[in-house]
Amino acid sequence: MGILLVEDEPNVVSVIKRGLAEFGYEVSVAGNGATGLQMALDHDFDLVILDVMLPVMDGIQVCKLIRQQKQTVPVIMLTALDSTENIVNGLDSGADDYLVKPFKIAELAARLRTLLRRKSGELQPKNIFTISDLELNAESKIAYRNQEPLKLTATEYRLLEYFVKNQKKVLSRIQILESVWDIDFNMGTNVVDVYVNYLRRKLEKGGGSKLIHTVFGMGYIMKEGEPDENTK
Ligand code: CA
């Protein structure tokens with residue numbers, strides 16, 4: 001995933017570059033508006049992050065010129081000035097979204113995902129799964145709760161993916177065991193309960209609602225809201 005960052009402040013560059021690397025993005029950097037424009041036109045980036053205040057040529061101008069070349073690349077503007085006028089200028093110049101500095105990397109990453117998803121349209125509808133405020137990217141193997149990435153082990157991730165892909169279905173412990181672990185009946189189904197508890201703890205750590213419910217005598221179900229009468 002190639003992202004172009006046009007930003008002249010070294011501190012901001014290093015924070016964004018390092019932060020987005022953790023989300024699996026590869027970031028190329030241009031230190032001024034003219035270089036940024038050239039790079040955006042010469043290469044096929046998936047997305048451009050554009051600061052407004054830049055040497056040589058400002059971000060508004062760069063964005064207008066990118067759009068004149070009919071580039072459909074998504075552009076997100078970074079602005080230090082929280083003025084409506086500035087934001088309107090940015091969006092008028094053809095930017096798709098904007099963020100006011102200072103911002104959290106998780107917030108930037110969330111905006112990028114939205115823009116990239118919109119761009120890819122129906123090309124990859126199978127790779128992103130959601131339920132409530134939980135989002136799972138089956139390609140990058142990262143799950144987010146309320147836009148914050150969850151730190152999951154490989155097994156926890158596989159378990160979560162299985163639940164999310166089979167949401168609203170009652171899943172027996174044997175079904176879960178066979179799908180998430182290699183079949184090994186000697187292991188017993190206790191391991192399922194143990195891992196479901198690990199996963200629940202991580203999912204609900206930030207105060208999120210309960211998504212994995214126990215169905216008494218049957219197994220588990222992933223769904224939003226309160227459990228049914230026959231669940232506990
Ligand atoms: Ca700047």
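Predicted model: local features only at pLDDT ≥ 70, side-chain atom pairs only at ≥ 80, totals over all residues.
1. Start with the largest nonpolar core. It holds 26 residues. Leu134, Leu160, Phe163, Ile176, Val192, Ile212 and Met222 touch the most other members. The largest share comes from α6, with six residues.

2. Look next at Ile176. Leaving aside residues up to four places away in sequence, Ile176 touches Leu159, Tyr162, Phe163, Leu171, Trp181, Val192 and Tyr220.

3. Now follow α8. This helix has 15 residues. From first C-alpha to last, α8 reaches 21 Å, close to the 21 Å expected at 1.5 Å a residue. Val191, Val192, Asp193, Val196, Leu199, Arg200 and Leu203 are buried in α8. The list takes in Asp193 and Arg200 as well as Val and Leu residues. The cover over these buried residues includes β7, β8 (142-145), α6, α7, β11 (212-215) and β12.

4. The volume of the largest cavity is about 40 Å³. Its lining is made up of Val52, Met77, Thr79, Asn86, Ile87, Gly90, Leu91 and Tyr98. Two or more lining residues come from each of β4 (75-79) and α4 (84-92). The most come from α4, which gives four. By type, the lining has five nonpolar residues, three polar and no charged.

Definitions and conventions
Residues numbered from 1 in each chain as written. Heavy atoms only, no water. Core = buried A, V, L, I, M, F, W, Y, C linked by side-chain atoms within 4.5 Å. Buried < 20%, exposed > 50% of the residue type's maximum accessible area, 1.4 Å probe, protein only. Contact = heavy atoms within 4.5 Å. Expected span 1.5 Å × (residues − 1). 1 Å grid on protein atoms, 1.4 Å probe; cavity = no way out; pocket = protein on both sides within 12 Å on 5 of 7 lines; lining within 4 Å. Points joined across faces, edges and corners; volume = space filled by probe spheres on them. Nonpolar A, V, L, I, M, F, W, Y, C, P; charged D, E, K, R; others polar.
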